[in-house]
Amino acid sequence: MAPHFGRLTRLAIVGVACAMQAFAQTPAPDGSGLPAGANVLRATLSQTALSERVVEYEIDARYNADKKSLDATETLTYHNLTGQPLDTFPFHLYLNAFQPTSTFMREVRLDKPSFEWQEKYHASATVKSLEVVGMGDLTSQMRFVAPDDGNPEDRTVFEVKLPRAIAPGESVKFRIVFHDQFGEVYARTGYKRDFIMGAQWFPKIGVWWQGKWNCHQFHATTEFFADFGTFDVKLTLPQNEIVGASGVETGNVKNSDGTKTLTFHGEDIHDFAWTAEPQYRVYEGDFVGSLGHTKIRLLMQPGHARQAERHMRVMKETMARFDRWYGPYPYPQITVVDPPHGGSEAGGMEYPMLITGDTTWWLPDGIRLVELVVEHEFGHQYWYGMVATNEFEDAWLDEGINSYTECKVLDDIFGKDKSALDLWGITGGDDGLQRDTYLSATDRDPLTRPAYEYLNYASYGDVTYGKSATVLLTLEKVIGEETLQRALRAYFLKYRFKHPTSEDFLKTVEEVSGQDLRWFYDQAVYGTQLLDYEILRANSDVTDWDRSSKSELDARRELFQTSVVVHRKGDFVFPVDVQVQFENGETATEHWDGKDRWHRFSYLKNTRILSAQVDPAYAIPLDKDFYNNSVLKPGDHAARNKLTHYWIVFVQFLSQLLAWLT
Amino acid sequence: MQKETETNWEQPMKVESNGVLSEGARRVWRYQRILWWMFAVNALLALFGVRPGAEQFGSVLNYSQHAERLSNSFDVFAFLELIAKPEIQLGSVNGGAVCFAVVFFFFSLFLTGGILEGYRAGRKLRTAEFFHACGVFFWRWVRLTLSLVVCLIPIMFLASMLFGWSADLSENAAPETLGFWVLLVGALLIVGLSMAIRLWFDMAQVHTVAYNEQAIRSSLRHALRTTRQNFASLFWMYFRISFVSWLILAIALCVWSRMPGRMFGWSALMLEVVVLAWFAARLWQRASETVWCERWEVAQATQLSPARPTAVPSPSASVSPTAG
């Protein structure tokens with residue numbers, strides 16, 4: 001049966017297609033690859049849709065700051081662009097995860113048996129009524145489902161079956177009255193004292209993806225997935241609250257009962273989050289990118305006011321690089337929220353046009369936590385916000401790519417070896433941080449495993465962030481850093497406002513690089529092979545070792561047989577460079593395809609070997625052990641002596657501390 | 001041996017405190033052999049303690065170019081990678097270090113009698129005299145240390161409560177820094193309290209040596225009274241010396257943080273000087289306490305009734321190899 005589109009819908013789709021075509025392909029006059037006249041394409045309050053707007057949410061909510069609860073009416077218009085009739089619609093009720101018998105909390109407990117449930121974490125989203133316009137009240141048709149684990153106690157997904165199917169091209173309008181009770185912030189959403197982070201707070205419809213509904217339960221290790229659309233949200237709350245939200249504020253009305261009603265409008269976004277707190281200090285800045293001005297709005301805690309400049313600076317630096325490297329940020333505003341102390345569970349999170357940072361009052365400049373978090377969360381505006389991958393099933397696509405671009409941006413701002421830490425002579429680069437994370441879970445899970453099927457929370461984090469970033473840093477060695485950056489730009493421009501898969505990304509990299517990279521993907525992305533090369537042996541021996549007496553001239557003409565054996569310890573096959581240095585200053589650079597288990601390089605020279613090193617540029621961070629990559633002859637004891645002495649001093653002080661008791 | 005004389009405890013006595021610290025410092029300087037021995041033994045034991053760790057570190061670092069990230073600078077992720085390697089058994093390394101720290105604890109406990117006797121004598125003791133004093137008082141110090149530990153248990157309990165409380169305030173109190181300030185003030189109070197208790201036990205040790213007191217409880221009672229009556233001047237004396245040692249540590253750490261990573265030879269030397277300074281400070285405290293006690297005894301003697309002459313212990317002959 002052919003799709004049956006309504007006229008209006010067809011027009012809308014043609015309009016969207018034209019807009020996307022123009023946005024994606026029309027080159028900028030300056031040759032930057034940006035669309036011509038791009039400054040008119042602002043994703044909020046614009047006439048042109050940037051995305052296939054599948055959903056239209058209109059929510060009228062009243063927040064009770066005393067009870068930390070919210071009552072709302074949501075009107076959701078869903079456009080059936082699936083090409084087939086739909087009679088069943090699933091919805092997320094994420095807040096119900098914060099209940100002791102939910103799948104989320106069971107997984108938390110399974111991962112950490114010492115975790116104890118506290119009633120303050122309890123949260124809920126209750127649908128009081130669900131009506132489908134034209135079909136009547138269907139509240140009784142709602143039923144909770146648990147598609148992932150069958151947990152009958154889990155209430156994070158419900159579905160409703162309509163009396164008649166919605167034809168392709170038709171729209172359906174749901175009117176849902178719901179009540180939220182927020183808990184103390186545990187994972188992303190909730191309150192802390194006067195602070196409230198309203199995230200994942202409304203019934204959100206699933207995504208028709210790959211021929212079926214994709215609406216997973218909320219797991220301890222999963223994030224989110226939703227369709228693009230428009231959001232018109234009215235939020236009524238006490239007048240003293242300072243509010244930040246996705247979208248832009250379009251109205252502010254003071255009510256006679258001491259409340260105010262704020263109106264927000266967002267377009268081409270797939271989620272809506274808001275926050276309120278009377279104590280916020282507001283700072284505003286302006287970023288001028290290739291699409292014009294973007295307002296940066298910081299909502300800082302009073303005690304963190306002196307860090308506002310740090311936040312603002314890293315935001316502007318990051319936005320400039322993303323704009324230059326990957327593509328434009330099309331929204332007119334971005335809000336950065338600084339959660340209060342004790343509320344850091346709400347920190348380090350991304351929502352369309354709104355991100356949360358994470359800091360403390362004492363944080364010195366050398367510990368770049370502010371910069372790491374703010375950069376990372378802004379990066380999600382691209383890798384999740386616009387390139388809206390399925391975070392349930394392909395978590396590495398947003399977290400991994402974003403962690404990789406985080407390394408690139410922070411290295412560019414602060415320098416490669418100091419982009420994460422530079423304090424008291426102790427340094428650390430962000431790529432080192434990602435690699436260190438990867439080393440904790442080198443071979444536990446492949447990148448492409450669905451987030452809720454990882455071994456545990458640690459493995460999920462280590463693999464989706466650290467290993468994924470390290471895989472991409474290693475991919476630079478194969479195709480070049482510049483090519484990978486171009487591939488990311490192409491991927492962004494092609495898949496923004498869409499839901500690409502792992503294969504979409506991997507194929508894009510292959511297309512841009514012009515290389516068949518399956519050998520790499522099979523091991524690094526789909527597999528769990530370990531990459532570890534070592535110098536097994538490196539030595540020089542005189543060729544005339546059997547001669548007992550030699551003249552001075554003989555000694556000068558002495559020839560040495562040098563042998564360097566490189567060993568592939570892991571199962572990951574990767575071509576490597578080997579650098580051999582000799583005492584007379586000569587250097588030999590070799591290349592080995594790495595396929596065999598070991599390979600010997602032999603030299604006949606009148607000089608001895610000084611050092612041998614696999615991957616001398618440290619360009620293969622997936623190598624799980626950098627220490628065995630080289631052999632020095634003679635050894636250098638400086639590092640050992642340094643560590644040993646610090647250890648000695650520590651023991652001396654420990655001894656003194658104990659001796660204080662005598 | 002002199003036995004404790006009857007004293008008019010109800011009358012607080014004025015002790016001439018001027019010059020106590022300088023006289024204490026003079027005695028430490030005069031008897032600096034103790035300082036050097038303690039430092040040397042401490043360094044030697046620490047060296048033994050870290051030897052397994054040094055070997056483990058060496059097996060990985062000595063022939064690897066990646067080690068430059070630790071010698072030329074200090075890359076924290078290179079260090080984390082190092083300690084995550086199976087060759088590095090941090091548990092056994094730590095265990096060895098703690099073992100040698102415990103050995104030094106007993107060594108220090110053993111020497112305390114000789115040290116106090118030396119400061120009391122105001123002269124260099126002969127080796128036999130020194131070790132005799134060490135032996136004579138050793139078991140008393142064991143008993144005294146056990147008593148000290150018992151006294152410190154409530155302090156540790158308090159400290160644990162303080163940490164919990166401040167952590168809770170840091171999470172939940174409206175002022176963000178409240179938890180920190182509570183922790184800081186509480187920690188200062190706990191440190192102060194611990195110092196006061198240590199001072200009391202120091203005075204008990206000085207008393208035990210001065211009067212060759214066998215009964216630890218009696219020494220503690222006596223020292224408690226003395227310390228309580230003269231708390232301000234004694235604590236001020238103790239605190240000033242501690243402050244000097246903390247100041248030296250703070251300055252050294254400040255300098256260390258600015259030293260280039262490759263200059264670890266100099267930083268090693270500087271940190272050893274700090275260790276030495278801390279030993280000197282502790283010995284200075286002990287010597288000053290001994291001097292203070294001597295002056296207190298003199299003041300006590302002058303206040304006693306002529307009908308009840310007091311035998312003030314001779315600084316030179318409280319313990320001898322033939323006595324006790």
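Next, select residues 307–312 of chain B, where pLDDT stays under 50 and the model has seven contacts (heavy atoms within 4.5 Å) beyond four places in sequence. Then move to residues 314–324 of chain B, where pLDDT also stays under 50 and the model has 22 such contacts. Where pLDDT is low, the predicted coordinates should not be read in detail.

Now show both chains, for which the predictor gives an ipTM of 0.87 and a pTM of 0.87. The contact takes 75 residues from chain B and 61 residues from chain A, and the area buried between them is about 6000 Å², of which carbon and sulfur atoms give 63%; buried area is the accessible area (1.4 Å probe) that two parts lose on being put together, summed over both. Select B:Gln65, B:Phe77 and B:Glu176, which supply 13% of the area that chain B buries against chain A, more than any other three residues.

Between chain B and chain A there are three salt bridges (a side-chain nitrogen of Lys or Arg within 4 Å of a carboxyl oxygen of Asp or Glu). Zoom in on B:Arg69 and A:Asp417, which form a salt bridge with their closest N and O atoms 3.1 Å apart.

Staying with both chains, select strand E25 (residues 426–428) of chain A and strand E1 (residues 74–75) of chain B, which pair in the parallel sense over two bridges. Strands here are DSSP runs (E, at least two residues), numbered from the N terminus, and two strands pair if DSSP finds at least two bridges between them. Within this pairing, A:Thr427 stands opposite B:Asp75.

Finally, turn to chain A, where four strands form an open antiparallel sheet in the order E6-E7-E3-E11. Strands E6 (142–144) and E11 (204–205) stand at the edges, each with a single partner strand, so one side of each is left without a neighbour in the sheet. In the pairing of E6 with E7 (residues 157–166) of chain A, which runs over three bridges, A:Phe144 stands opposite A:Phe158.

How values were computed: Residues are numbered from 1 along each chain as its sequence is written. Chains are lettered from A and ligands numbered from 1 in the order in which they are written. This is a predicted model: local features need pLDDT of at least 70, side-chain atom pairs count only at pLDDT 80 or more; totals for chains, interfaces and linings use all residues. Side-chain values use heavy atoms; hydrogens and water are left out. pLDDT is the predictor's confidence in each residue, from 0 to 100.
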